[in-house]
Amino acid sequence: MYKRIIAIFVVLLFAAMSSYAATYQVDAVHSQVHFTVPHLMFFKVRGEFTDYAGTVEVDENQKITAAVATIKVASINTREAKRDAHLRSADFFDADNHPEMKFSSTRVEYKGDEVTVHGKLTIRGVTRDVALKGRYLGQNTDPWGNVRAGFEASTKINRQDYGLTWNKALETGGVVVGDEVEIGVEVEAILKK
């Protein structure tokens, strides 16, 4: 009986060790969520979202295993108030009816130091598969004893896939807003205790 209890304890211990994951909470003060989109066929408009939250799971080998994020659409900032108001409107994000964008990972792949986080991105009520490619930058302890980790990643999406279809034709050919949007994230996150 004693040996059986020891065996069960050992199995449970190994199961607990193999399922170890540390949860890091995104520190929005020290992180960035930004985008770039073509404007007038030759210029690029850059912007960011300033209100967001998320978590990243990291295993005992310092590998990302999962990530989730929620972004408040109304926090968009392109440094032009009229443009930001237009982007919040029904022509684009429709922030009144779809106040949040969401990302939830489905699987994570590693190739050397590079990580690809596959997941579901929801914008304006439309969910599509995306792959964020980047790196886990490691961890450090800040002067106040908090363990912090860094992550960076980027992807490209077609805004039309998410119902952001507004545009205007130019007299010289082309359109005001390009379809391909480059998205980047730089995340500093704090280990949850």
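Met41 counts as exposed, at 54% relative accessibility (exposed means over 50% relative accessible area, buried under 20% and partly exposed in between, with a 1.4 Å probe and protein chains only). The structure is a predicted model, in which local features need pLDDT of at least 70, side-chain atom pairs count only at pLDDT 80 or more, and totals for chains, interfaces and linings use all residues. Residues are numbered from 1 along each chain as its sequence is written, and side-chain values use heavy atoms, with hydrogens and water left out.

Met41 lies in the loop between β2 (32–39) and β3 (43–49); helices (H or I, at least four residues) and strands (E, at least two) are DSSP runs numbered from the N terminus. Together with Leu40, Phe42 and Phe43, Met41 makes a nonpolar surface patch of about 470 Å². The protein chain exposes about 12000 Å², of which carbon and sulfur atoms supply 56% (Shrake-Rupley method, 1.4 Å probe).

The protein chain contains two helices and eleven strands, in the order α-β-β-β-β-β-β-α-β-β-β-β-β. Of its 193 residues, 34% count as buried. The largest nonpolar core has 43 residues, and Tyr24, Phe49, Phe93, Ile123, Phe151 and Ile157 have the most contacts inside it; a nonpolar core is a set of buried Ala, Val, Leu, Ile, Met, Phe, Trp, Tyr and Cys residues joined through side-chain atoms within 4.5 Å. Not counting residues up to four places away in sequence, Phe93 touches, among others, Phe49, Ile123 and Leu164 (contact means heavy atoms within 4.5 Å).

Arg159 is buried, with a relative accessible area of 4%, and is placed in the loop between β10 (147–158) and β11 (180–191). The side chain of Arg159 reaches the backbone oxygen of Trp166 at 3.0 Å. Beyond four places in sequence, the contacts of Arg159 include Phe92, Leu164, Trp166 and Asp179.

Most residues other than glycine have a negative phi. Gln62, in the loop between β4 (52–58) and β5 (64–72), has a positive phi of about 60° and is partly exposed at 30% relative accessibility. Arg79 has a phi near 70°; this residue lies between β6 (76–77) and α2 (81–88) and is exposed, at 71% relative accessibility.

Note on methods:
A polar contact is a pair of N or O atoms within 3.5 Å; within protein, one must be able to donate a hydrogen and the other to accept it, and residues adjacent in sequence count only if both atoms are side-chain atoms. Patches are made of residues with over 30% relative accessible area and no salt bridge: like charges are joined within 9 Å, nonpolar side chains (Val, Leu, Ile, Met, Phe, Trp, Tyr) within 5 Å. A salt bridge is a side-chain nitrogen of Lys or Arg within 4 Å of a carboxyl oxygen of Asp or Glu.
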